Amino acid sequence: MKIIGKLIVSGFQDLLNLFYPNPCLLCQNTLQSQEELVCTTCRLQLPETGQHRGEALVSGQIKFAGKIPVEFVYAYLYFNKKGKTQKLIHALKYRGQKEVGSLLGRWYGFQLKTEIQLQEQIDLIVGVPLHPAKLRQRGYNQSDWFAKGLSEMLEVPWSDKALIRNQYTISQTGKDRIERWQNVSHVFTVSEPDLVANKRILLVDDVLTTGATLEACTATLLASNCQSVGIITIAATR
Ligand SMILES: [Zn+2]
């Protein structure tokens, strides 16, 4: 009975697709019933960094080197202007498509789980928090959705309560490194110290740019006696 139910549902979905085709976010071709948001052809063309396999360093990783103790910094995809990654990030951040975050989290999570057993190296996944006003405006935190997808695949818990953001970070353009650092160093607070104490934290964000925000989060977490911090972002520039 269950199988028949499934067949009816999938038949109904195919019928629905005939009248209301679900386009791929990237190429607009109609998605097949087993595909989600992005078609297989586009998925295979995503510019993966392969960093967790030691394939490459991106500028963000170099920025971190020696400045603050992090276990690792990996980005799933290269960010190229007008490329596929930018389209995905844009849909995730500005077009309300939060499911893109969890989808990419599951895709990358599968690689991290099967290729480097990341699930054995971390205890808790934490997204970089948005300012409450921004959260209200967007309705969700895109980093939390990426965290959710990683959590689902790695079977490691995630939390949107551990770390909170206190104040708006003003624009960082035109400031030097020290000013940027002062600008963000008091922005975050660990709201539940018991949750992070002695834990190996995986901190996640959407795009690795200057690294100032991630540095501030890492410093806050380390000051709260977590055991270690590793960083994963959806994307980073080359
Ligand atoms: Zn496509």
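User: Happy to look at this one with you! How many of the residues of the protein chain count as buried?

Analyst: Of its 238 residues, 48% count as buried, and please keep in mind that this is a predicted model. The secondary structure comes to ten helices and seven strands.

User: What makes Cys42 count as buried?

Analyst: Buried means under 20% relative accessible area. Cys42 has 4% relative accessibility, so Cys42 counts as buried.

User: And why is Cys27 called partly exposed?

Analyst: The partly exposed class lies between the 20% limit for buried and the 50% limit for exposed. Cys27 has 29% relative accessibility and therefore falls in that class.

User: Which residues are the protein donors of the zinc ion?

Analyst: They are Cys24, Cys27, Cys39 and Cys42, each through SG, lying 2.3 Å from the zinc ion. A donor has to be an N, O or S atom within 2.8 Å of the metal, so these SG atoms at 2.3 Å qualify. In sequence, the spacing of the donor residues reads C-x2-C-x11-C-x2-C.

User: What do Cys27 and Cys42 tie together?

Analyst: Cys27 lies in the loop between α1 (2–19) and α2 (40–44), while Cys42 is in helix α2, so the pair ties together parts 15 residues apart in sequence.

User: Why is the site of the zinc ion called tetrahedral?

Analyst: Four donors count as tetrahedral if all angles lie between 85 and 135 degrees. Here the angles among the four donor atoms are 105 to 115 degrees, so the site is tetrahedral. For reference, the ideal angle for four tetrahedral donors is 109.5 degrees.

Conventions:
Residues are numbered from 1 along each chain as its sequence is written. This is a predicted model: local features need pLDDT of at least 70, side-chain atom pairs count only at pLDDT 80 or more; totals for chains, interfaces and linings use all residues. Side-chain values use heavy atoms; hydrogens and water are left out. Donors are N, O and S atoms within 2.8 Å of the metal (3.2 Å for Na, K and Ca); water is not among the atoms, so sites may look incomplete. Four donors count as tetrahedral if all angles lie between 85 and 135 degrees; four count as square planar and six as octahedral if opposite donors are over 155 degrees apart and all others between 65 and 115; anything else is irregular. Helices (H or I, at least four residues) and strands (E, at least two) are DSSP runs, numbered from the N terminus. Buried means under 20% relative accessible area, exposed over 50%, partly exposed in between (1.4 Å probe, protein chains only).
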